[in-house]
Each structure stands twice: as structure tokens, then as C-alpha cells.
Amino acid sequence: MLKKFLIAVVVIAIIFLYYMASRPTTLTVGIFAGNNWDVPQGETYAIIDEVIENFEAENPGVKVKYVSGIKKEDYSEWLAEQFISGSEPDIFFVLADDFNLYASIGALMNLEDFIAGDKNFSVDVYYPAAFKFGQYENISYALPCESTLTFMFVNKTLLAKEGVAIPKNDWTWEDFLKICRKVTRDIDGDGVPDQFGCYDYSWQQAAISNGVKFFRDDGKTSYFADSRMEEAVKFIMELRGLNGGFEVSPKDFDVGRVAFRPFTFAEYRTYKPYPWRIKKYSSFEWDCIKMPAGSSGGNISVMETLLVGMSSRTHNKNLAWALLKKFCYDEKTQQLILKKSQALPVRRDVIISAEAQEIFSWETRDTAAITPADISVAMDEAIMPFKFKNYNAAMLYADTELTKIIAGIVPFNNALNKLQKEINALLQY
Amino acid sequence: MQKFLTVTGMHRLLYVYNGFAIFIIMAFMCLTQERINHSMTARAFLEQAGAVPQSSSIIFLETTLAFFTLVLIGRFYIKSKSRSAKYFLFAAEVIVCMFLMCVLNLSYDGVILLVAADLMYKHEGHRQEYTLLIAMICLYFIANYNMAILQTKIISFEAYASYYNADAKSVILALRNTFYSVNIVFFVFYLVLLVKNKHEEKERIRLLNERLEEANQRLRAYAIEVAQMAETRERNRLAREIHDTLGHALTGIAAGLDACIMTLEIAPELTKQQLNKIRDTAKKGITDVRRSVKKLRPDDLERLPFQEALLEMTKDYSASSGMEITFDIFSWSNNLRQDQEDVIYRVLQESITNAKRHGHATKVKITIGGNENYLLIVIADNGRGCEDVKQGFGLKHMRERLELLHGTIHYWSDEGFIVEAMIPLNREVKDDKNFNSR
């Protein structure tokens, strides 16, 4: 009796194992529709479909699935629900706001062993700011997939009309201020200025290009009282002063009456080629150059990076790592990103490749203000955004206070020290 | 109700209650997770929880499996006999208990008391209280320090309760505390019953002992009574024998002699005949007396030749007591009288018994020698001897018996205890200069 029972158990086990072995392995990917950069995009899943097709061709017997139609604003909640119901994807895109949470609660796989154990993988191909963005307490939990940088949009038509040459990529605040001062004037003679130097240039951008680091890496203390911060605020106040108290509107920019505006690379990629080229900003010639350098900093801007992570509970670790590499490391995928997405690939060799030269040449080489080599340098110099838990709240508070300071509502002397103290208090929670 | 008031009943109730509490807490966690997912607050929950929860189905499966494993191990633990199996099962029980607590995110630590109850149930000394102490300290340490040592991420029960509004939250937390408290009440009651049970058992054993002692005493009294009765019976028998044989013969003889006195002068011939008859009667009386006395002799002496009877007796004794008894016979008188045989037999028997009983000897050597005038018996053992020999009943008895035969007895301690008995054979030896007992 017992013998029969044991035989039955063994047979069932063998059938079960055979079934498990013959069943195709399925990997799931968590992805949101559209892109991370708030710019319009045509074929939402074109890149991922192609990547999955390539991956499945390379790994027979493996199926890769994803849930389509999740909007970016719903993605964070969707992912959290998947984690709670235990059905999270094997690899998934991680929004910058979610990264620290998922890394700290152990939802993301620690990738250090994979990185160290994979001979075909080297972190040197990435731009440091992109790779480090996927780290939490110096441990890699996600790999960068694509990045975007902030550049300075230049209205070439306006500058040509005013007889000003397009600034070089190593231009400084003085150059910036000089041009702005020159172009700000009243054209129609109604007594108020209607042509402006710049629109939307924030104190954050000024501070970063002047080498300010707002917070300590752990997000427990801030450096708003830094002398470079003071320089940046003073510069912004001077720049605002040029407008004579008149607020520049987006419409002024759209109709070509503003010389400069910070512009993300994603916007540049979206609006520069056809069809957007003729839909927006079609009444003037424009281009992008690097951000102006502060007196104590450089032509630096913040580089936003989209990360892809692996679930710590995945059953197919090695396949998931392979798929993760397919998204974030594979040269073909990175070139696909260069070709089809609005963002920049994170591999240095892809950025400076011949294909990049070709893709970026919407204009002839000699008239283009920025080359792939310039972009690569900018990405190397770029800093990464902070992503600790209270960052958004602290920045919101700082913005409110600094807006008051810049507008002159709060007297400038000692205001930054006070701000630093208040923010530090806020960060303790 | 009466059934639950036994230790076993209470033990079962503890299991059932804990199973119920665990099921409720598990159901609460699973349902809350489902509700969180439906109400779009998943991300906020993750932020508050600080860890990734297991999915509801896994929590359900793992909890059910772990609890039933715990119950099974508990049963085996109580049933198991060998000590090593017990330790193994107890260790397994602790591990499963830890696992169960982890699955439940340490929301309920009542299972620790369940494990303690199992251990107490089979308490048998063997320093089990230390095992219990260590196990409970470990389990509570883990429970209260959130698995810091194991680095396992745990979602606090409060995080789950925080999903509900403040009123509901306070009710939920109060309910959970009630679960704890009731469990503790049950456990304490269980312990009380256990202690009471142990106490009753002790009391019962004490009562049984008392009764046993009483029975023993009655038995002793009865034995004395029986001995007295046997003595009385023996005395009666002797009296009857004397009456029947000696009395009969002596009466006959006395009556015959009276007649002879009367007829001595008148008819000397008849008297002569009569006296012959009286002599026959006297002889017959002597035979009868001899027969009666024979009945009082030991069986071996009756059955076997004397020397063989001695060997038989010592062999039997050494077989039953394990003492090694050796004989060294230099000379032997073949025409010993029956009373002499009896005395020798009794002296040897008594000495061997003493060697065993008082000297705890393992070897006894019996030497028998002498000449035509006397017989010398030396009994030496390797026991612990005696510094200051007190003449007990046995020795006194031997002396009395020997003195009846004009014999002597000496005894002293050397490398054991030595008894030396001398029996004169045909004449008085008291003043025999050839014999020196020392």
C-alpha cells in the first residue's frame, strides 16, 4: 500500500516537473505609456516591442510580456499594487520619485553581484551621473536606460536681428547678461518692453551652473547659505531687473520675442525634427547650446535619468538580468533609443558614434550650434538630481522662500542663512 | 465544561484559541492588502510599511501550513519517548514558531506561549526549565526587536491598522491586545491546572505510600502471629508426641512396674515375664521418641549422608547468595552421633549466613580436621570482619548448642571473620592439653 502510494507521488512529481520544465519561461516588464520627459510621443511601445523581439530571438523558450496602457501618472500606484499583490514584473521602469522607496524597502534587487559577476558588463560605458543615479547608499539597484539634459534654447532669428552672434558652448553668465541686456527693449514703443532676454531661467539652474550642491547626499542637511548660492541669487535678481518688473509669458516665447529659454534635450529632440518642427516655433530659427557657466561653476546642468530595476523576488534572476542588460546595456537598444526616443542613450560610445552624427544633423555641420561631442561632454559634466524622501517638500519650500527673496519681498541680507536653518529643520523629519 | 478543566483539555483549548487568533489576524492582513489595492493607496502603504509585503495568497498558504506543522510537531513532541527525538522536535517547533511569527509580520506572538505550553506539558526535569527559559528569551527577543538580528523586513501591524480611520484603528489595536491578553489568561490558567495536577499526583503517591506502609505493618504483625502460631502448633505437636509416645510408654511402664511390685513376692516368674514386657515397652517408647525427634531434623540430614548433606547445603547457599564456598577436609570421623551432626550442621549454616549478612564476604573457606578425640571446624571469610564482636543471637545459640556437647567456640577478626568450633568426640576434652584453640 505504502509502496503504491510512494510510486504515485514520484510519478506525479515527475509529471509536474516535466510540465514546469516544458512550460515557456515568462518574464514581465513594467512600463508606462509615453515617456518620462513630458513630451508628446507617437508610437509609445515601438522601442520596447523591438527590444522584446530581439530578446526573445536570442533566448528561445522565453516569453516577455508587459501590460500596456498604464499612464505615467498612474504608474507609481500601479507598481505598488503589483508589489502588494505579489505579482510585480520581473524588471520594471523606476520613476525617480519611487527609486529610494523601492531600494530602501528591499523591493529592488541588489545588482552589485550581477555587475561584478558579469564579464560582458562594464560600468565604464555609462556616464557617471546616469549610473550613480541608480544607486542607493552606494549600492546599485537599477541601471540607467535613457537620460535627458537641460540645454539653453537660442532664438537665432532674434539674435541675428539684434546683430549678436550665437554664444559658444563655453559661455558665461556675463555673456548671458550682456546679450539679455542688449535684446531687452521696447519695440512697438508703447512704453513697456516687449522683447526679452530669457524666459523660465530658474534659480536652481543658476545655482547648479555655479557649482552649488543643495543638500548633503543623505538629505539630512542643506547648503543654501553657500557663497555660490548667494552669487546665483544675485545673478537671477540682476537678470530679472532687466525686464523692469515685467513678467515674461510663454506666449512671448512662442511668438519669438524671447532670446533664451532652458530646454530639455527631450524637447529639443521632439520639436526640432519633422513633424513638430512646423507645428511649434516655426516662425523663427532656433538651436540649443549648453547652459551658461556661473563664475564659480561651469556649463553644468542636471541630467535626469530613467532607471530600470529588477524585482528582488523574481524567480528568473539570470534571465531578468539579461533582459535588464538588453534594455540598459545592449548597444543595439541604446542605438534604438538614440534613433526613436526623445531621450539620450546612456552609453558614451553610442552618443559619440557615427549614427549619432547622422541623426543629430538636422542642420548642416557648420551651422549646428551643438555636436554629439558637446552633448557627451555635457553629460559627463552633468550632475544628477537628488532623490531622497523629503527632497520635493524641501525644494518646494526653498522655491517659495527664494521666489520671495528674488522678488524683493524678503530682504536679501541673511535671508539665505535663515532659509538654510529652516530647511535643515524640515529635513530632520 | 468539566472536560476543558483538565490539563489536556486546556492544552487543546490553547491550540484552538491560538489557531483562531492567528486565522483572524491573517485574514485581517490579507483583506487589508486587498482593500489597499482597491482603494489606490498602495504606494502610500508601501511608504509607511517600509517593506514589501507577501501576497495575500502566500500569506494564507504559509500561515496555514506553518500552523498545522506546529500542531503536528506538538503532537509528536508529546508522544515521543526518546530524549534526542524530543530535543529535535522541540527545536523544530521553535523554528516553525519563528517562521509563523515572521509570516504574520510579528503581529501575534501568542504562539510562543503555545510552544511553552507544549514544553511544560511534558516537563520531566532534565534541565528542561533552562531550555524553556532560553527558548522563550530568544523568541521574545526576536519578536520585540523586529528581527533586527536576522535583518528581515517586517511590516508593523500598526501600518496595516493605519489604513483604516482613527476610530477603526483604535478598535483594531484594542482587539489585537485582547487576543494577547486572553491568550495569556488561558496560558496562566493552563499552568495553574498543570501545577494543580502535579500536586494532586504527588498527593496520590503519598497516600499510596502510606497505605503500602500500613499494609506492610499488618503483614509484619501477621508474620509474627503466624510464627507464634507455628510455634504453638509445634509445641502442641511435641506435647502430643510426648503424650502419645513417652506418656503412653511411661504410663504403661509405671502401671507394669506397680503390678510387678505386687507380684514380685508371689510370682517371681510372672514378674520376670512382666518386666520383659515392660522393657519392650520402654524400648518401643525410645524408638518412638527417636522417630519424633527425627521429624524435627533438617531435610538434607534426613535424606543424605552427613558429608553430602553439608556439601549440598553450602552449594545451595553459594548458588543463591553468589558467595564462593570452599571445603578443606583433613580428617573426618565417620561415627558421629546424630546430635553432633545436627550441631555441626547448624554451626556451619549460621557462620556462612553471618559471613554473608554481616561481613559481606565473597569467599568463605571451611576447614574441618581433628583426631579421634575431637573435631575442629574453622570457618574463615574475606568479609570486612568486626572490630568489636557483639555476641548476637546467632553466636549465642551456637555456643549453647556446642556447650551441650561440651564443645567450645572462639571467633575473631583478622583478614575477615574467623569462627573456630571444637567438638569432643568420645570423652571430655575440656582439660585436654593437646588442644589449644588459639
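Me: What makes E1(B) and strand E2 (residues 363-370) of chain B paired strands, and which way do they run?
Reply: Happy to start there! Strands pair if DSSP finds at least two bridges between them, and six bridges join E1(B) to E2(B), which run parallel. One bridge partner in E2(B) is Thr367(B), which belongs to Asp328(B). The strands themselves are DSSP runs of E with at least two residues, while helices are runs of H or I with at least four, both numbered from the N terminus. This is a predicted model, in which local features need pLDDT of at least 70 and side-chain atom pairs count only at pLDDT 80 or more, while totals for chains, interfaces and linings use all residues. Residues are numbered from 1 along each chain as its sequence is written, and chains are lettered from A and ligands numbered from 1 in the order in which they are written.

Me: Why are strand E1 (324-329) and strand E4 (408-413) of chain B said to stand at the edges?
Reply: The open sheet has five strands in the order E1-E2-E3-E5-E4 (chain B), with mixed pairing. E1(B) and E4(B) each have a single partner strand, so one side of each is left without a neighbour in the sheet. Direction ignored, neighbouring strands of this sheet are turned by 15 degrees against each other on average.

Me: What packs on that sheet?
Reply: Helix H13 (residues 393-404) of chain B does, touching E4 and strand E5 (417-424) of chain B. The direction of H13(B) makes about 150 degrees with that of E4(B).

Me: Why are H1(B) and H3(B) called roughly antiparallel?
Reply: Two packed helices are described by the angle between their axes and the distance between the axes. H1(B) and helix H3 (residues 56-79) of chain B pack at about 170 degrees, with their axes 9 Å apart. Axes are lines fitted to C-alpha atoms, for helices over the stretch in contact, and angles run from 0 to 180 degrees between N-to-C directions. Angles under 35 degrees count as roughly parallel, over 145 as roughly antiparallel, 65 to 115 as roughly perpendicular and the rest as oblique. H1(B) and H3(B) are therefore roughly antiparallel to each other.

Me: Which residues in H1(B) and H3(B) meet?
Reply: Among them are Tyr15(B), Gly19(B) and Ile22(B) in H1(B), and Ile59(B), Phe60(B) and Phe67(B) in H3(B). The residues of this contact divide into nine nonpolar, four polar and one charged. Here Ala, Val, Leu, Ile, Met, Phe, Trp, Tyr, Cys and Pro count as nonpolar, Asp, Glu, Lys and Arg as charged, and the others, Gly among them, as polar.

Me: How do you know whether Phe99(B) is buried, exposed or partly exposed?
Reply: A residue is buried if 20 or more other C-beta atoms, placed from the backbone, lie within 10 Å of its own, exposed if 12 or fewer, and partly exposed in between. Phe99(B) has 16 C-beta neighbours inside 10 Å, so Phe99(B) counts as partly exposed. Phe99(B) lies in helix H4 (residues 83-103) of chain B. Of the 438 residues of chain B, 24% count as buried.

Me: What makes up the contact of chain B with chain A?
Reply: Residues are in contact if their C-beta atoms, placed from the backbone, lie within 7 Å. The contact takes 17 residues from chain B and 13 residues from chain A. On the side of chain B that touches chain A, the largest share, five residues, comes from H2(B). That side divides into nine nonpolar, five polar and three charged residues.

Technical notes
Contact = placed C-beta atoms within 7 Å.
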